[in-house]
Amino acid sequence: MERTLILVKPDGVQRGLMGEIIGRFERRGLKLIGMKFLQMTKALAEEHYAVHKGRPFYDALVEYITSGPIVAMVWEGNDAIAAARSTIGATKPSEAAPGSIRGEFGMEIGRNLVHGSDSPENGLLEAAIYFSEEELVSWSRATDSWIIE
Ligand code: DAT
Ligand code: MG
């Protein structure tokens with residue numbers, strides 16, 4: 001089972017798209033195991049986006065992600081990373097596939113609504129930035145046998 005850290009970024013929250021975005025992952029069949037509504041701090045943003053430090057867009061990225069509350073979630077599933085990233089769509093919303101979250105609701109890279117981990121390793125590392133292991137819920141879903149072969 002893979003885990004992916006998903007964020008509804010401040011634009012998703014401010015535009016009233018939380019339910020819409022969360023529903024995409026829920027309907028896809030990923031299983032929610034952790035969720036928080038929080039104000040991203042500068043320290044948290046710098047930890048989350050450490051790999052981008054020094055890039056020309058870094059300061060704007062930190063400014064954007066700390067500009068309002070976010071939803072942080074951990075979703076689990078076989079191939080959760082790839083499934084979530086295809087549901088999210090390409091980084092640049094103008095190039096994101098129609099039907100994907102970014103392809104349906106976004107226009108610009110600096111307002112791309114949602115974050116999803118890019119590898120199983122980063123899924124675990126990023127989940128640990130926001131959640132302790134005790135905060136993650138292990139549960140069996142009534143529909144599991146209709147989603148997982
Ligand atoms: P993703 O969020 O699709 O995983 P990423 O990890 O490459 O994309 O970059 C993290 C975020 O940084 C991305 O959602 C938006 C911003 N970003 C990336 N490349 C950028 C660029 N060339 N110009 C402006 N912002 C960029
Ligand atoms: Mg990324």
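Let me begin with a convention: axes are lines fitted to C-alpha atoms, for helices over the stretch in contact, and angles run from 0 to 180 degrees between N-to-C directions. Contact itself means heavy atoms within 4.5 Å. Helices (H or I, at least four residues) and strands (E, at least two) are DSSP runs, numbered from the N terminus. With those terms in place, helix α7 lies across β1, β2, β3 and β4, and runs at about 55° to β1.

The model is a predicted one, in which local features need pLDDT of at least 70 and side-chain atom pairs count only at pLDDT 80 or more, whereas totals for chains, interfaces and linings use all residues. Residues are numbered from 1 along each chain as its sequence is written, chains are lettered from A and ligands numbered from 1 in the order in which they are written, and side-chain values use heavy atoms, with hydrogens and water left out.

I turn to the sheet. Two strands are said to pair if DSSP finds at least two bridges between them. Here 4 strands form an open sheet in the order β2-β3-β1-β4, with antiparallel pairing. Because β2 and β4 (114-116) stand at the edges with a single partner strand each, one side of each is left without a neighbour in the sheet. From one strand to the next, the twist averages 15°.

The pairings can be taken in turn. Strands β2 and β3 are joined by 8 bridges, and L32 has W75 in β3 as its bridge partner. Between β1 and β3 there are 7 bridges, again antiparallel, while β1 and β4 share 3.

How many residues of β1 are buried? Buried means under 20% relative accessible area, exposed over 50%, and partly exposed in between (1.4 Å probe, protein chains only). By that criterion, 7 of the 7 residues of β1 are buried. The cover extends to both faces, with E2, T4, I6 and V8 on one side and R3, L5 and L7 on the other.

Next, the interior. A nonpolar core is a set of buried Ala, Val, Leu, Ile, Met, Phe, Trp, Tyr and Cys residues joined through side-chain atoms within 4.5 Å. The largest such core has 21 residues, and L7, M40, V74, Y130 and F131 have the most contacts inside it. Two or more residues each come from β1 (2-8), β2 (31-39), α3 (42-48), α4 (58-65), β3 (69-77) and α7 (120-130). The largest share, 5 residues, is that of α4. Beyond its neighbours within four places in sequence, L7 is in contact with residues including M40, I70, L113 and Y130. Apart from this core lies another, of 18 residues, among them I22, F25, L30 and A80.

Finally, the largest pocket. On a 1 Å grid over the protein atoms alone, a pocket is an open set of points where a 1.4 Å probe fits, with protein on both sides within 12 Å along at least five of seven lines; lining residues have an atom within 4 Å of a point. The largest pocket holds about 700 Å³ of space. Of its 31 lining residues, Y49, H52, L61, T91 and H115 are the closest to its centre. Helix α7 gives the most to this lining, with 4 residues.

Conventions
Points joined across faces, edges and corners; volume = space filled by probe spheres on them.
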